[in-house]
Amino acid sequence: MKQILDSTISELWAYKERRFIIADSELPYFFHWWSKRDGTVRRMVYELVRQGRLVIVGGGWGLQDETTTYYQSVIDSYTYSLRKINATFLECGRPLVAWQADNFGHSREFASLVALMGFDGLFINPISFDDELIRMERKGLEFLWRGSDDLGDNPLPAGPETDIFTHKLFDGYWSPPGFCFGSMCSDPLLVTSDTLFNNAKERAQLFIEKIRFRQAPNYQTKQVMVMMGQRMGYADSKLWFNNIEKLISYVNEEAFEDKMYAMYSTPMCYLQAAYQENPILETKQDDFIPFAYDQDSYMTGLFTSRPSFKYLVREANVFLQIAKQLQVLTNLRNNDGIFEDFIPGVAQDHNIITGAMRPYAKNYYTKYLSIAIQKSTIVAKQAFNKVRANNPSLLTDYTLCYLNESSCPNTKVPYFYITVYNPLAWNVTMPVRVPAFKRRYNVYDPHGEVVPSALMRIPQQVLSIPGRFAEHDLELVFIAPELPALGFRSYYIEEVKRNKRSLIKKIGKNKQKYFIRQAPRTDNATLLDDPAYDEAETQPEDIGENRAEGSEDGHDATRRPEVTYEELEHTDGTADTTPTTTRTTTRETRTGGDSSWVESSDTYIGNKYIRISLDSHRKVSSMSLANGVNTSLDIQYYFYVSDDPDTVENQKRRPGAYIFRPLDVKPEAIIDYIDTKVYKSGEVQEIHSRYSEHASFVLRLYRDSVVCELDWILGPLPADGLGRELFIRYTTDLENDGVFYTDANGRQVVKRIRHTRPLYRPYHLDPVAGNIYPVTTRIYIEDLRKNLRLSIFNDRSQGGTSLLEGSVDLMLDRLIYTDDSGVQTFLNETVDGKGIVVRGTHYLYLTRASHRPNRVFEKRFSKEIELKPQIFFSRIRQMVRKDRWLGRRNEYSALKTKLPIGVHILTIQEWNERTLLIRLENYLEKVDVIKSGVKEVQLKDLFVNIVPDEAVEMKLAANIRLKDWTQIQWQRNGSFVSNFNDHYGTTKTAEFSYERMKPLKKVDVRAGILLYPQQIRTFVVSYRALQP
């Protein structure tokens, strides 16, 4: 890249007609190069930018992937990059068009985001081969793309802000075939210096024919944009520019009579010229996903490749948001340098987050993402100490633990404390799981009250993770209720010493007494271990039609005899030998707030809302709700054997990090055996199921939770030479008629129909790979006849589909021994020569499909997964007594006013001196709400320690003032439908969008700010800070 930039800048300076564009994929490299250049070179570059000869397109910090990225990370990447461009080159450097020239799939939500950022056009490549051929026939390679139905139909100041002119690049960023002039190309150069070998006219005629008959007929205007480049091709830019100039000269000479004229140009100049012809564009409201290179090569593997890395990218975003929030909310003004090396933005690049990296590249980004998380922890540590105890002698050195493998060295001590930070703008209730030992623990809340807790077993497959050296085999589980919005709560955990005491146990209606000697025990015995109870007395009671559990408080509903305890005083320590005693037992007294797990023979788990049942083989068989809703439920791991063209001797492209292609459309079940155990406690009930040495899951129901949590664990995978595409299938008795829904980058929901595309009939659609779509946060199916919806939320990007009626498949991991990229990006991940173990979480939610409030809950719950509250541990060397801990501030919220349901504070960030960047989002869609869904937020009363003085509204990336932006209006050949999901796949009459505009008003911090469904509003706010 250094050689390309050095050469190109010199050649641009040599001839003023030359033009060159720098795309967002090169921007991180460009600014690294810029930092190493002297003042002379910088002045040259600045002048080239000012004159429009060196042009930046796109503007993201790397070429953002559109299928696997989370929308908040995309916004942050553009915000960082465009701000850096503006600080370096001022307004002259601002990119005017978005550039997605190498993405294998184009998202509707991404189009919405770049339109909201103020880009005038979007240039994309590639799209599926069959879609492109059909569009070429109707001159549909340019169109008006509506990114959001809700924002297109709302009365906004600029009208439908998410409508954007979109151009499909004909050859991508490559030159037309036969006209690649780099040293790595084999195409003939233009020879003009020798009469005998002069080929300039011949080459010019061939170029004219290619443009006139191959490219131009597929677009509506007389303007033709021809890219002249290749991947990493301009290291010898002089060769390129010289041949391009010869080509331009001879083309203009040969085509003069045909009124064809060639010249250097840029995408922005092309867009302006096309606009002046006033074309009538067709419309689009769906997306370009999945992408098929040909009928056998679907780029759907990238949705899942390297799942552990995808989770790390998501986790890094959470910690970045926490650090930016705490810097502002606690008035820390010396941490800007922590955010300068913006590795989370680079990680969104289409070659990185997709997993298409060599192992050394993956290790590099893994290392620096981990460093970014640790840097964010530094900010959190400073903020917590400032709020909790602004005293040097009371400062805590907070750290993170390896909770993905259930280990933490900081929990080995007899007492410690944790701080849980909630980055969301509403209170969140979440279960906390802390690696622990076979001890008794008390958990204390900030008021010193004991919090109910339980010790639960760590899954056996987690204990067997290669390289896991932790001694923990249990987890201490408790529920953290109503964690403060934009705030934290601290919990104190201490080991409780065991003591002895005697009890009288009264059993049954006759209250027969048994005297019991209390003796220390080393196991986790519980009441069910007592031989005083026979098997008949411990069978579960039947649940009624409207009850999922027999217990009102969510505890185990096992039918047990009535039990009471009475303490007796003894002076000699001997047991009473009264004749009424017929049997004796021992039981450990618990003085703490925790209870141990019980290994139960029950065939179900449940709480007061949900019951999950097992069949006779002890496999999950059904899910029942307290309101009478129920469905069958089977959870099973499968894998497809990956195709290997070299072995089976076919001519297809090899699968790899991008391409997913099974050898057989019928998957193989992973079920070597069934080993299922049921564990119960007062806080959580769990089903531990293991189907092989490398595949298991834990199904959890927490007390008072309406969602079922599934902890899936895979690996190490068999190293038998077979490529594997592993997935989990949730099968129910719902009838979804081939329809399912996936989220788009964590925002709007897009309707999918099995074996179908919205605007064209696919050519030889692959029945498996052609039906897999990216699932960033959520996938669901609906049975409209039963009025039921099953939603599954995930914690990272995965491929998802519904290939069978009533089923949902989510791809989990990939083991691929072939390469589709040409740079050896094999998917065979190992650590110290051993295959890795991947662990993740799914959340299952079953509900009435027509109940709107539950839709709101699902959107809210999705945010609670995406920006999950994080746990910070006190270091092992900093043991603090409980009385000193209670003397600190252990609970805090920076939010002053409760926000309306549906409103999310997307961004809180230090901007310039005494200014903040604040983004407010209405994350609901119109389909989620009963009325208008418009929310109002009072900015002046939003935060405890921030007093806003003035606010200026900006475009989404905060590089353009809203009042300074004007949208280009294009003619179109029809109206947009009001809701594309409702229209797609139905025969009912379409409702068309009614577009309205309202005048733009100056933002008044003392007045309410309105947010329409799906709207994000961005403000730069000047403020005064108060001490937290």
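**Helix packing and its setting**

Guide: Buried residues make up 61% of the 1028 residues in this chain, and the model is a predicted one. Its secondary structure comprises 18 helices and 52 strands. Of the contacts between residues at least 6 apart in sequence, 76% link residues at least 24 apart. The chain exposes about 41,100 Å², with carbon and sulfur atoms supplying 49% of that area.

The helix pair to look at is α11, residues 307–329, with α13, residues 359–388; their axes come within 9 Å and cross at roughly 25 degrees. An angle under 35 degrees counts as roughly parallel, and α11 and α13 are therefore roughly parallel to each other. The crossing of α11 past α13 is left-handed. On the α11 side, the contact is made by Phe309, Leu312, Val313, Glu315, Ala316, Phe319, Leu320, Ala323, Leu326 and Gln327. On the α13 side, the residues are Lys362, Tyr365, Thr366, Leu369, Ser370, Ile373, Ser376, Val379, Ala380, Ala383 and Phe384. By class, the residues of this contact come to 15 nonpolar, four polar and two charged.

A second pair is formed by α4 (residues 71–89) and α5 (residues 108–116), whose axes come within 11 Å and cross at roughly 35 degrees. This crossing is right-handed. From α4, Tyr71, Val74, Ile75 and Tyr78 meet Phe110, Leu113 and Val114 of α5. The residues of the contact of α4 with α5 are seven nonpolar, no polar and no charged.

Within α1 sits Ser7. Buried means under 20% relative accessible area; Ser7 has 18%, so Ser7 is buried. Apart from neighbours within four places in sequence, Ser7 is in contact with Tyr234, Ala235, Asp236, Ser237 and Lys238.

Some loops also deserve a look for their backbone geometry. Most residues other than glycine have a negative phi, and most peptide bonds are trans. The bond from Asn125 to Pro126 is cis, with omega near -5 degrees, and Pro126 lies in the loop between β4 (121–124) and α6 (129–137). The bond from Ile289 to Pro290 is also cis, with omega near -5 degrees; Pro290 is in the loop between β7 (280–284) and β8 (292–294).

Leu486, not a glycine, has a positive phi of about 45 degrees. Leu486 belongs to the loop between β16 (474–483) and β17 (487–495), and is buried at a relative accessible area of 1%. His755 has a positive phi of about 65 degrees and is placed in the loop between β35 (749–753) and β36 (773–775). With a relative accessible area of 43%, His755 is partly exposed.

Finally, Asp820 lies in the loop between β40 (807–815) and β41 (830–831). Asp820 and Pro655 are 165 residues apart along the chain, with their C-alpha atoms separated by 5.5 Å. Leaving aside neighbours within four places in sequence, the contacts of Asp820 are Arg654, Pro655, Gly656, Ala657, Tyr658, Ile659 and Thr825.

Conventions. Residues numbered from 1 in each chain as written. Predicted model: local features only at pLDDT ≥ 70, side-chain atom pairs only at ≥ 80, totals over all residues. Heavy atoms only, no water. Helix = DSSP H or I, 4+ residues; strand = E, 2+ residues; numbered from the N terminus. Buried < 20%, exposed > 50% of the residue type's maximum accessible area, 1.4 Å probe, protein only. Contact = heavy atoms within 4.5 Å. Areas by Shrake-Rupley, 256 points an atom, 1.4 Å probe, with all protein chains shown as cover. Axes fitted to C-alpha atoms, helices over the stretch in contact; angles between N-to-C directions. Left-handed = near helix turned anticlockwise from the far one by under 90°. Nonpolar A, V, L, I, M, F, W, Y, C, P; charged D, E, K, R; others polar. Parallel < 35°, antiparallel > 145°, perpendicular 65-115°, else oblique.
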